[in-house]
Every structure is written in structure tokens, then in C-alpha cells.
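Subject: Structure for your attention

Dear colleague,

Please find the structure below, together with its sequence.

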Amino acid sequence: MTRALKETFSPSGGGTGGTAPAPAALAAKVRTLAPSMTRSMQRVAEAVASDPAGCAALTVTGLAELTGTSEATVVRTARLLGYPGYRDLRLALAGLAAQQQSGRAPSITTDIAVDDPIADVVAKLAYDEQQTLADTAAALDTAQLGAAVAAAAAARRIDVYGIGASGLVAQDLTQKLLRIGLIAHAHSDPHLAVTNAVQLRAGDVAIAITHSGSTGDVIEPLRVAFEHGATTVAVTGRPDSPVTQYADHVLTTSTARETELRPAAMSSRTSQLLVVDCLFVGVMQRTYDTAAPALAASYEALAHRHRR
């Protein structure tokens, strides 16, 4: 791994650096990071997310006793969630509690039962989609997004890697980029992805889309692109996952619970589509003088197919 050991191998948005997340982003951050935490850290994260008012009133020792953990675990959890220390986490908890008391809807995802009426299914799915999008927006690092936009807007070529459901998102992004005149390719075949990544150089951009962050067929081409000097971007639900080792910029998506009737791929794709839409719109803004005529030309080229 090059580039100064990838900034000491620290994933974006974690650790002690950067700006602490706003209270509204705390619950989203917990949902996103909890699956990658140790069990003891999960207990702390679950406690602060489920009862922010109660935990805000506790000292670090009190929260450690409540969760059956140690003070060090509480501090590590606070830092992983993006706060310099426990004091900053308590302030965010107090802010979140105030927001909830003001009448904001609670962050609850309801499972779909086999015998649910279809009207309930629609309502539950709509709520879950809204929560997924809200969580993703709250946790998305706009500085990282801005850097990725700048790189893509100036890129000679953009390669996007994704497998399965993430491959559909990769195709969506490349289609959008092509319509504004950029050279973009989506690769779902791992062999073709690697052989194309070998051709990338400085000035090119490679984007890996993987919810788990551990899909080898996506990590491998991103690694090759990284080592050949391309600017690399990872869109993932796990900001500390293996794919981030080779990413200059990490864009984190919401991590939703998988249920029997709604596989995680469905909700992860929703959050991925939001992120790539944000990336695309940012690129469109930066390249508007050339992108707008190109988009108009693509509409005109297809217009006859939509006429009756």
C-alpha cells in the first residue's frame, strides 16, 4: 500500500480527527458503525441510541456500569462515532434528546411479517426507505464527497466497479456520467475490471461500490487502480472495511438490518443510489457549461423513441 501508508490506514469519518457529527447524525452513525464494532462497544452504542436522554445524564463511569463495559470502551466508542471524547458525545446525546422531545418521529424500523396486509407493507417499506435515506444523508462526509466530485469532474476517464446489486448502481452512475459527456465505464466482470484498471493513471478516477466493503472482486480492481496512480473512491456501508485501504475518498452509506422478507441488498442499494446521485449532481454542477449541452443532446437523440 502506497500514498504514505494510506494516511496511516485511517478510514474516513472515524477516529478522533475531523468535525464531530451533529446530534441528528448520531443515530445514523450508530446504525452504520455498530455491525463493525466489538460486542462491548455495540452495547455502549445501542444504549446511547436507544436512550440518549438517560445516557446524557451519566458520567463515563455510569455509562460503563450501565452497559457492563469499561470506561476505556466507552471512550473508544465515542471516538469511533466521531467525537473527540465522552464529553462531546454527552453534548450530542443531550441535543438528540431535545430533538426527540420536540416531536420528531422516533428512529424505528418495523419488520414486515408474513401475514401483514399489503397496505402495512407499503407503509413499512416507505418508512424504512425514508429512514435509510435520512441516515445516509446525515452520515455522509461532505468534504469527502466534494473531493470525489472534484476528481471525477476533472477525470480523463472514470471506471466504476460493482458486483450484484452494487453492479446495478455502478451502471446507473456510468449511464448518468456518459449522458453529460464524460468517459465512464461500469465493470461487473472481475477479470475485465482488473484488466481495465491496469490502464488507469493519474488523472483517472476509479470508484468501487460495495455495501460490505469486503467484496474481493471489487477490492482487487480498486487496488490496481490505486497502485497505478488513479484517484480512488469507495462507496461502502463499512467505513473501516478492507476496500477503504485503497480509497483516497470514502463515501459511507447507511447500514440497514437484514430481515427475512427484505434482504439488506434492497436497502443498501437505496443508500448507494443516493450517494451516486449526489456525486453525479456535484459533477454536473462543476462541468455545467459542457454537461448541459451534452445532456440536451442525449435527450434529443432519444426523443423519437418516446413519441407516439
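The notes below describe a sheet and the helices around it.

This is a predicted model, in which local features need pLDDT of at least 70 and side-chain atom pairs count only at pLDDT 80 or more, while totals for chains, interfaces and linings use all residues. Residues are numbered from 1 along each chain as its sequence is written, and side-chain values use heavy atoms, leaving out hydrogens and water.

**The sheet**

Five strands make up an open sheet, in the order β2-β1-β3-β4-β5, with parallel pairing. Strands here are DSSP runs of E with at least two residues, and helices are runs of H or I with at least four, numbered from the N terminus. Two strands count as paired if DSSP finds at least two bridges between them. The edge strands, each pairing on one side only, are β2 and β5 (249-252). From one strand to the next, the twist averages 15°; axes are lines fitted to C-alpha atoms, for helices over the stretch in contact, and angles between N-to-C directions run from 0 to 180 degrees.

**From strand to strand**

Four bridges link β1 (residues 158-162) with β2 (residues 184-187) in the parallel sense.

V160 faces I207 in β3, and I207 in turn stands opposite V233 in β4. Finally, β4 and β5 run parallel over four bridges, where V233 stands opposite H249.

**Covering the sheet**

Which strands does helix α9 lie across? Helix α9 (residues 142-153) lies across β1, β3, β4 (231-236) and β5, at about 120° to β5. Helix α11 (residues 190-197) packs on the sheet and touches β1 and β2, contact meaning heavy atoms within 4.5 Å. The direction of α11 makes about 155° with that of β1. Strand β4 is mostly covered, as five of its six residues are buried, that is, under 20% relative accessible area with a 1.4 Å probe, protein chains only.

Key:
Buried means under 20% relative accessible area, exposed over 50%, partly exposed in between (1.4 Å probe, protein chains only).
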